[in-house]
Amino acid sequence: MNFLNRAWRYVTRKMSKSILLGITFFMIGNLVLIGLGISDAANNAKTLTRRSMRAVVNYEVDNQKFWEYTDSLESDEERTEAYKNYPKIEKEIALKMAKDERVKAMNYSASSPMYSQGFDNVPLGNEEKKAENGGGGAVVMQDGTQMEYVEPNIMIQTNIVPETIEFVEGTNTIVDGRMYNQNDIDNASPVAVITKELADVNGLSVGDTITLSSTDKNQMEYLLTMGITEEMTKMDLEIIGIYNTKADVDPNDQRFDWMSAYESPKNFVLIPGSTYAQFNYASSKASYDYYVSQGNSDMYGEEPTVETSYYANKVVYLLNEPLKVDSFVDDYKSELKDYTFLNANNEQFKKLAKPLDTLSLFANVIVWIVTLNAVVIISLVTALTLKTREFEIGVLLSLGVSKVKVVLQMFVELLIVAFLGFTLAVGTGSLIAGQVGKMVLDFQQSNTEEEITTDDNYYSWVGDQNYFTEISQDQLLENYNVSISVWIILQIYAMGVAVVFISIVVPSAMIMRLNPKQILLA
Amino acid sequence: MGTILKVENINYGYVDGGYRREILKDLSYDFEEGKFYTILGPSGSGKTTLLSILAGLDKQESGTVYYAGESLEKLGLYKYRRNKIGVVFQAYNLVQYLTGIENIELAMTETDNEVPKNRKEIGYALLEKFGIVKSKADRLVTHLSGGEQQRIAIARALASNVDLIFADEPTGNLDTATEQEIIQIFRMLTEKFNKTVIVVTHSNEVSKLSDHRVFLQDGKLQDID
């Protein structure tokens, strides 16, 4: 008749007490299950949504913050000085982050709209509408002259590494020839990779040469006055590869009727970043020399170099796991210079997930309150019943049963009842938790009237692509599904053991003070 | 016949209403093996206190109690209670949510003494010797009469194969006929099984049948005969 046997017999033979205690555990179990179920569902919904999102982190200039800083400056001189040191992304830091094992690909990308010379762009299908809407227009130059504005039609996309996100993700695939490689980048080779559609429209193939110009011929006359020759505005590029892209413009986009041809991914021409840097440098240097000759070098800032002639608005990192985004940001944010930051689109996600976070918090608070109450209630019940069991304890002690074994017996008694109560609660809790979870979420949503906006810091530059996955709150909440998992069941049993363990502490102290003579011979 | 329990200069007292009351004063006594002792004395003389000290349920303030030549402190009170003695109380002190046989098994399980593996059979046989048949042994003790419960309590005291039995007013709640039966059981334990029985009682009927009648007065034990 060891303490386990005694515990079992006590529980089964003191049925009314066991049932009452069992009901208490059952109710506690249900409440905790609801709490844990809701909390788990909220976290799961966030995790599932996160997993479905692109694992993208942008290294960007925090324009908003910098502008707030310049606005706070007192004089125009200070502001001018500040703008001369406009924050920029640091190539060294960008490359360091690119080497992180979590990074699958990096787009350290500069892009620029260009004019095709001797070949056509791929039509978007909005040309007629655009003509009706009055495309083009006049441009007023610095010297006051007006000239007809002709839209660029090709977009060059560059990168400082050959492995671009689009190729790694499979959005782009080479169908003929090859992508530019590190050798091309190192040598600033005048090579290009064009889309299959662009090749088909113009009958181009690998080995052909295309010419792109940064300037429309109407503007050439003006540029010549600034020392920029026609030669400097043109790029002759050998086609080394043709690729297929899944990316395309959306005809349902509100802007579609006004879209320029260069905005279509079919009109993107991929060239090495170094090639573009060299090209840019030539005209930048000429322009700088012109301003110096005019005695206006201050307008230009520092003398351009090939390095400074390549500027990316942001660096985009594609990570191998969406759930590693936050840790990646945390690991590198301290290394960034002022007014630059790592944007994981968290703000938008946080706003979308706010009802779930509130729900999770609420559920966790419930779990804690119920658990603490459970400890208090069970402690009290055990302590109070201890008075009625003093005689039994005295008998056991007089037989030489150690106090530890007496405490263990009571611990096991509570465990048996808790196990039964929680096991029943697992059955009912899984049914109740789903209903209550949905009800609380509906209530929470009806009380949340916050407008969800996209990331405030997103300032679109020409050629910028948004790599973040746009999600709606509905998509997020679709993943909210309260169910009682094995993990939750294990948690509730672990909690049960903990509650019983803590609840037995006070009664144990009382038992330890008991003296068999006082009990039995009083 | 050797001494099984030796009491040497034990003192015990307590403070009551601001005054210290000495209960046991330099009390010394030797209890011999295989004898039936009854301790008599007026109410409040300290009989129960003495019994609780002898049974290892309480500690004396000074002095020493030896079991088979070894002090209880050295032996350890829990171990002493578990392996060397059995105690029978006036209120039987059985575990009420257990059956008669389970109460017997309880003592058998707790002791470190050698107990055969077929405890249940031994337990039933032991109870039968004390007039408790199997059908009654399987009942919860709360469903048995006072006499039956006291027999079970005595059987439990013996179940762990001990040599020394203490009893505090074991017949106090029983009718005369049952009292006689219980006394006969104690006699049988000493005569047939060489157990030492020490009983605290007010009853002359009980004391008459003991081997040694000891009187507790003024904190000291004195043989009456």
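At what angle do helix α2 (residues 15–52) of chain A and helix α14 (residues 354–388) of chain A pack, and how far apart are their axes? I started my notebook there. The model is a predicted one, and I kept that in mind throughout.

**Entry 1: two helices in chain A**

I looked up α2(A) and α14(A) and found an angle of about 160 degrees. Their axes are 8 Å apart. Angles over 145 degrees count as roughly antiparallel, so α2(A) is roughly antiparallel to α14(A). I then checked the handedness. The crossing of α2(A) past α14(A) is left-handed. Next I sorted the contact of these two helices by residue class. I noted 17 nonpolar, eight polar and two charged residues.

**Entry 2: the cores**

I looked for nonpolar cores next. The largest one has 125 residues. Which residues have the most contacts inside it? I wrote down Val32(A) and Leu33(A) from chain A, then Leu54(B), Phe166(B) and Val197(B) from chain B. Helix α16 (residues 403–446) of chain A gives the most to this core, with 14 residues. There is also a second, separate core of 56 residues. Val56(A), Met155(A), Ile156(A) and Ala312(A) are among its members.

I went back to Phe166(B) and left aside its neighbours within four places in sequence. Phe166(B) is then in contact with Leu51(B), Leu54(B), Ala55(B), Ile85(B), Val87(B) and Ile198(B). Leu54(B) was already in my list for the largest core.

Then I took Ile165(B), which lies in strand β7 (residues 164–168) of chain B. Is Ile165(B) buried or exposed? I found 25 other C-beta atoms within 10 Å of Ile165(B). The cut-off for buried is 20 or more, so Ile165(B) is buried. Not counting residues up to four places away in sequence, Ile165(B) touches Gly86(B), Val88(B), Ala157(B), Leu189(B), Lys195(B) and Val197(B). I also looked up one pair of C-alpha atoms. Those of Ile165(B) and Ile85(B) are separated by 5.7 Å, with the two residues 80 apart along the chain.

**Entry 3: two positive phi values**

Which loop holds Ala68(B)? I placed Ala68(B) between β4 (62–67) and β5 (70–71) of chain B. Ala68(B) has a positive phi of about 50 degrees, although it is not a glycine. I counted 14 C-beta neighbours inside 10 Å, so Ala68(B) is partly exposed.

Asn161(B) lies in the loop between α7 (146–159) and β7 of chain B. With 15 other C-beta atoms within 10 Å, Asn161(B) is partly exposed.

**Entry 4: where the chains touch**

**Entry 5: chain B as a whole**

Of its 225 residues, 49% count as buried.

Key: Residues numbered from 1 in each chain as written. Chains lettered and ligands numbered in written order. Predicted model: local features only at pLDDT ≥ 70, side-chain atom pairs only at ≥ 80, totals over all residues. Core = buried A, V, L, I, M, F, W, Y, C linked by C-beta atoms within 7 Å. Buried ≥ 20, exposed ≤ 12 C-beta atoms within 10 Å, placed from the backbone. Helix = DSSP H or I, 4+ residues; strand = E, 2+ residues; numbered from the N terminus. Contact = placed C-beta atoms within 7 Å. Axes fitted to C-alpha atoms, helices over the stretch in contact; angles between N-to-C directions. Parallel < 35°, antiparallel > 145°, perpendicular 65-115°, else oblique. Left-handed = near helix turned anticlockwise from the far one by under 90°. Nonpolar A, V, L, I, M, F, W, Y, C, P; charged D, E, K, R; others polar.
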